[in-house]
Amino acid sequence: IAKEMGGNHVRYYTAAMQDAAMVRKRLIDDLRNAVVQKQFVLHYQPIVSLKTGAIYKAESLIRWLHPSQGFISPAVFVPIAEKTGLIIQIGDWVFKEAARQIKHWREKYHSSFQLSINISPIQFQNDDMNHVGWLNYLRNLGVPAHSIVLEITEGLLLDKSVVVSEKFIDFHGEGMQVAIDDFGTGYSSLSYLKTFEIDYLKIDQSFVRNLTHDSHDMIVCEAIVGMAHKLGMKVIAEGIETPEQRDLLAAAGCDYGQGYLFARPLPAMEFEQFLVGSLQPGCFSKNNI
Ligand code: C2E
Ligand code: MG
Ligand code: MG
Ligand code: MG
């Protein structure tokens, strides 16, 4: 097509491509440097009980504080980290940072506080991911494995390779929990629900966005909740931005909610302030968890 448009366009197109390639190469170099210099930080978004409003869970979400460009979204750099293999070192940092944080919050706020960590399929598929090291790290910290929920995507569970299943068996054996992230957006096969022990399904925000206008989305949410509960799983809805969405999801029987309505992902200190501000009388009752 560029050729048909004439010589100038061809040159322009090539120049633009070179620019894009250079920007990308620069970003890869910067990311490599970021791993060495530890330019990452975890933010934490509360996961709220839709039944009681209590908060005993959060999801950790990584941010890259680039020295000249400011915060860079994981939606931008995680795919690059996956392609370059840097996700192994980054993921290792995420796990250990999250483990230290959960230890602190379990001691300070609630002994059953739980933290979700996003794990890329590339990490599971890579021999270099030192999952035994992770389990040892938890043991040395004195953090029980069931205080951590691994958020994975549906596609990973269709990967039957030994490297993947070995890690699942070891994690599960220690009591670590598993959530399916972005549920309903990946593969149409549900066969993996029979073979893997899953603790949580996270309804993707694309089903939540138009909930108040689209009755089909409500039917999908109700069906997910019905299936999950019968299979012994809990449901977390993502991307709740309005009280109406929260109320409809609660009416559908959804267990937990997460979204800007409650709080954005927050730095650790602000997350603590949010927790303290949201503590209600009786919220430490075990029944509320
Ligand atoms: P995710 O795990 O599905 O995370 C949910 C995303 O939705 C987050 O984007 C969160 O900030 C955003 N979100 C939360 N509430 C709302 C809401 O009410 N409305 C809208 N519009 N968005 C909301 P974020 O933080 O940019 O992360 C994007 C993705 O990057 C994550 O999707 C996850 O797949 C990946 N990611 C984040 N942290 C990590 C990490 O530590 N390791 C790996 N491997 N991936 C990560
Ligand atoms: Mg997630
Ligand atoms: Mg998600
Ligand atoms: Mg997502």
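## Basis

In this predicted model, local features need pLDDT of at least 70 and side-chain atom pairs count only at pLDDT 80 or more, while totals for chains, interfaces and linings use all residues. Residues are numbered from 1 along each chain as its sequence is written, chains are lettered from A and ligands numbered from 1 in the order in which they are written, and side-chain values use heavy atoms, with hydrogens and water left out.

## The shell around ligand 1

Ligand 1 is surrounded by 24 residues (each with a heavy atom within 4 Å of it). The closest are Arg63, Asn118, Asp181, Glu241 and Tyr260. By class, the shell holds 9 nonpolar, 8 polar and 7 charged residues. Here Ala, Val, Leu, Ile, Met, Phe, Trp, Tyr, Cys and Pro count as nonpolar, Asp, Glu, Lys and Arg as charged, and the others, Gly among them, as polar.

Ligand 1 takes up the space of the largest pocket. E2 gives the most, with 4 residues. Helices (at least four residues) and strands (at least two) are DSSP runs.

Which residue has a side-chain N or O atom 3.0 Å from a nitrogen atom of ligand 1? That residue is Gln45. A backbone N or O atom of Ile62 lies 3.1 Å from a nitrogen atom of the ligand. The side chain of Glu238 has an N or O atom 3.4 Å from a ligand oxygen. Such polar contacts are pairs of N or O atoms within 3.5 Å.

Donors are N, O and S atoms within 2.8 Å of the metal (3.2 Å for Na, K and Ca). Glu59 lies in strand E2 and Asn118 in strand E4 (residues 114–118), so the pair ties together parts 59 residues apart in sequence.

The magnesium ion (ligand 3) is coordinated by Asp181, Asp182 and Glu238, at 2.2 to 2.3 Å. Asp181 coordinates both ions, which are 4.1 Å apart.

Terms used
A polar contact is a pair of N or O atoms within 3.5 Å; within protein, one must be able to donate a hydrogen and the other to accept it, and residues adjacent in sequence count only if both atoms are side-chain atoms. On a 1 Å grid over the protein atoms alone, a cavity is a set of points where a 1.4 Å probe fits but cannot get out, and a pocket is an open set with protein on both sides within 12 Å along at least five of seven lines; lining residues have an atom within 4 Å of a point. A molecule sits in a cavity or pocket if more than half of its atoms lie within 2 Å of its grid points.
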